[in-house]
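This briefing goes through a protein model one topic at a time. Keep the structure in view while reading the points below.

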Amino acid sequence: MGSLFRSEEMALCQLFLQSEAAYACVSELGELGLVQFRDLNPDVNAFQRKFVSEVRRCDEMERKLRYLEKEIKKDGIPMLDTGENPEAPQPREMIDLEATFEKLENELREVNHNAEALKRNFLELTELKHILRKTQVFFDETEQQMGTAVASQMADPNREDEQVTLLGEEGLRAGGQALKLGYSARLLNWGSKILKKSESKFEPEKVGNYYFRFVAGVILRERIPAFERMLWRACRGNVFLRQAEIETPLEDPSTGDQVHKSVFIIFFQGDQLKSRVRKICEGFRATLYPCPEAPSQRREMAMGVMTRIEDLNTVLGQTQDHRHRVLVAAAKNIKNWFIKVVKIKAIYHTLNLFNLDVTQKCLIAECWVPLLDIETIQLALRRGTERSGSSVPPILNRMDTFEDPPTYNRTNKFTGAFQNLVDAYGIASYREINPTPYTIISFPFLFAVMFGDLGHGCLMFLFAGFLVLREKPLAAKKTDNEVWNIFFAGRYIILLMGLFSMYTGFIYNDIFSKSLNLFGSHWHTNYNESTVLSNKDLQINPSLSSDYDQVPYPVGLDPVWQLALNKIVFLNAYKMKISIIIGVLHMLSGVSLSLYNYRYFKDRLSIYCDFIPQVIFLVFLFFYMVLLMFIKWVSYGPQNDFANSPACAPSILITFINMVLFKDAVALANCDTVYMFAGQGALQKFLVIVALLCVPIMLLAKPIYIMRQQKEKHVQLVNGHATTENGDAEGAGRVVQQPPPPPAGGHDENEIGELFIHQGIHTIEYVLGSVSHTASYLRLWALSLAHAQLSEVLWSMVMTKGLILNSWIGGVWLWFVFGFWAILTVGILVLMEGLSAFLHTLRLHWVEFQSKFYKGLGYAFAPFSFEVILNTASTAVEE
């Protein structure tokens, strides 16, 4: 058989490479992707291998490239992806790459450091600018409030002990309680004198026995409430705080995020409070700035700040332009640099799997290779040797081994998706028959049996057709959307599922729950119009030529069944029988494929003890039931006499149950017999007896035969020992003591016991599974019925509501109703029902079909391939 039906023949080879040519040869093999290397140093630590220093250098280069990539993405610069696949650079080119990356990283870090310092200075100047503006407002407001308070005190001197709210109404809202300052109104009078004298001084003014000071700064807006509460509790209300929000957000120079801040000013008295206030500001990470007390000095400082901000803006613009030029130049080559570094690292990782010979001049490797590709691999090795300039050719020797080779199935973009479905159940054992070629047809067909609708299948086919026709540009647009990636990877599966669904929908004559009248109905009504309109239940006699043409409908179902009240009854019987027929044939094909495995592996014992009894058991019971269905369809018709009419047709299920129980059924009234043909009763008893006799053969024949073979080998071994001892005694005059042969029990008995247990489990699983698997195929009927009924309900409950109006309003209303119906159709009937049918089809293949012949105990062939490594690396970066 070809490679599509079985995995490729694999060979274990030993590869000898000169140290100078090893890098170039492994590079060529990576481009080829047909060699799986084995680790010849499993006990050696990863940090003690020969090329660990080169791997570390590659890790460092990857780190620098990721740093460059992060900076490029931060600036939103597009990275040029030409689709090129550069070859792995020579080892001497690593030094140039390292120097290039080092230079770019240092330059970029220096630019970023300078830009961050400039942005920090810009932030400080901006905050100082807002402080100077806001504090002037604070001072003006405070002077007005103090003047008002002094005037009221002079008018009422008895208000000596009245307390003044420190934070005002804003403090009440933020802190939850009023913060009060326990000084008398005389303090406010002194405060007014301080403000008047502060026009000419920076130092705090002494009023009476008190010095009043203030600090100004900036704090994050969300920390203001906690900051106010802490000031009140730590200073016991002996401070005066005012704050105002900065309207425009400021940029954090470290993270680049936009933050909202507020300006505050705190008045206090005494050095002790000053120390507390500063510590609290430090704890809340508030930034304090010097603020002159005189308005003229504040205006002078503000002008200087604005001048410095303008200069900083100019320098920052030049810095950003230089950084942008560096990143744009790096963005043009970063994709190719990544590919080169990944390839270099992969090559050195692979070289670490090799062994060094005693001369330290030759590298030795062991690898699995497809037998048909050995010549291609040798050509690649020759190219690598020529590139390296070595004069010693590489040597590739085939080795003999008892180890199980890996499984390698060649696939393309069409068969790859179906192969993935099979591999998800288990990787095929080496050279085991591959279910994929059969799955390509049976999977979409069984799906379509459950999903059969011409309209829904057409939607699915058009969607998959779009993916197939646009696969190259869509594949180039890499995305991390998992749902889209799943649909795109399975586009050919969806294409065939849609195509087969259109076929089965045509057979069911079902399109969005309606029928197509392509060939005209073969049923006719002979009732007049008044009779039809006045009676809901009227029957058409199929035995009359005037009611039925007595000719089968050309393709599929007659469209008149769409109007029949007994439509569900008819379709239930039809689809249920079709499901059983398809299921039995599907299982029989699976059992038949096991014969090809037994013949290929020359396992004649399994043919006689497993395959033949299994086929007899399945055919004599379940295939016989399928034959009864066809006999019933052919033998019983409305034009026959009563004994052969549908009224006397026996139930297939009751007949099968009576057959297994050896029970005679009772004939219906006016019917001659319960059997469909002469001798059916005797034949059924014979079939059941033979099928039951196959069970002990499947259970015991194989273990007993193997046990007898082992006993015969044991007897031959004992006789061989006796002959050897006698020969030595006669010829040499002495008897050589031979070790006694192993007993008949022991390890062999354990193996025989395990074989009996394994065969018992296998037999029970097959016998019981034949019944349960046959019933499992009824899901074809159940899901097909459910899909058709959901489609009909959706049409009758949604779409018909848009057809009740006749005027132009009805057209507008129909437009909205159609949109709603279309959304429900795609979302429920196509997506949800399609997913349900897909999962049921997957189960039928994994459990009912593949369990008959497929073991799936192998391991996948994982060649050293740059393409796979690069795809994995790009996926990891996206995640």
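In this predicted model, helix α13 (residues 454–469) packs against helix α24 (residues 808–849) at an angle of about 95°. The axes of α13 and α24 lie 11 Å apart. Angles from 65 to 115 degrees count as roughly perpendicular, and α13 and α24 are therefore roughly perpendicular to each other.

**Contact of α13 with α24**

- On the α13 side, the residues that meet α24 are His456, Leu459 and Met460.
- On the α24 side, the partners are Thr825, Val826, Leu829 and Val830.
- By class, the residues of this contact of α13 with α24 are five nonpolar and two polar, with no charged residue.

**The protein as a whole**

- The protein contains 25 helices and 14 strands.
- Of its 879 residues, 42% are buried.
- Among contacts in the protein with a separation of 6 or more, 81% are between residues 24 or more positions apart.

**Helix α1 and its packing on α9**

- Helix α1 (residues 19–32) packs with helix α9 (residues 334–351) at an angle of about 110°, and their axes are 10 Å apart.
- That angle makes α1 roughly perpendicular to α9.
- The crossing of α1 past α9 is right-handed.
- From α1, the residues in this contact are Ala22, Tyr23, Val26, Ser27 and Glu31.
- From α9, they are Lys343, Ile344, Ile347, Tyr348, Thr350 and Leu351.
- Sorted by class, the contact of α1 with α9 has seven nonpolar, two polar and two charged residues.

**Length, burial and end of α1**

- α1 is mostly covered, with ten of its 14 residues buried.
- Ala22, Tyr23, Val26 and Ser27 are among the buried residues of α1, and these four residues also meet α9.
- Other buried residues of α1 include Ala21, Cys25 and Leu29.
- After α1 comes Gly33, which has a positive phi, near 70°.

**Helix α2**

- Helix α2 (residues 52–74) has 23 residues.
- From its first C-alpha to its last, α2 reaches 33 Å, close to the 33 Å expected at 1.5 Å a residue.
- Gly76 follows α2 and has a positive phi, near 70°.

**Ser390, in a loop**

- Ser390 sits in the loop between α10 (374–388) and β14 (395–399).
- Is Ser390 buried or exposed? Residues under 20% relative accessible area count as buried, and Ser390 is buried, with a value of 17%.
- Leaving aside neighbours within four places in sequence, Ser390 is in contact with Gln18, Ala21 and Thr385.
- Ala21 is one of the buried residues in α1.
- Gln18 and Ser390 are 372 residues apart in sequence, but their C-alpha atoms are 7.7 Å apart in space.

**Leu353, in another loop**

- Leu353 is in the loop between α9 and β12 (355–356).
- Not counting residues up to four places away in sequence, Leu353 touches Phe37, Arg38, Asp39, Leu40, Asn41 and Arg49.
- Leu353 and Ile364 are eleven residues apart in sequence, and their C-alpha atoms are 9.2 Å apart in space.

Technical notes: Residues are numbered from 1 along each chain as its sequence is written. This is a predicted model: local features need pLDDT of at least 70, side-chain atom pairs count only at pLDDT 80 or more; totals for chains, interfaces and linings use all residues. Side-chain values use heavy atoms; hydrogens and water are left out. Axes are lines fitted to C-alpha atoms, for helices over the stretch in contact, and angles run from 0 to 180 degrees between N-to-C directions. Helices (H or I, at least four residues) and strands (E, at least two) are DSSP runs, numbered from the N terminus. Angles under 35 degrees count as roughly parallel, over 145 as roughly antiparallel, 65 to 115 as roughly perpendicular and the rest as oblique. A crossing is left-handed if the near helix is turned anticlockwise from the far one by less than a right angle, and right-handed if clockwise. Contact means heavy atoms within 4.5 Å. Ala, Val, Leu, Ile, Met, Phe, Trp, Tyr, Cys and Pro count as nonpolar, Asp, Glu, Lys and Arg as charged, and the others, Gly among them, as polar. The expected span of a helix is 1.5 Å times one less than its number of residues. Buried means under 20% relative accessible area, exposed over 50%, partly exposed in between (1.4 Å probe, protein chains only).
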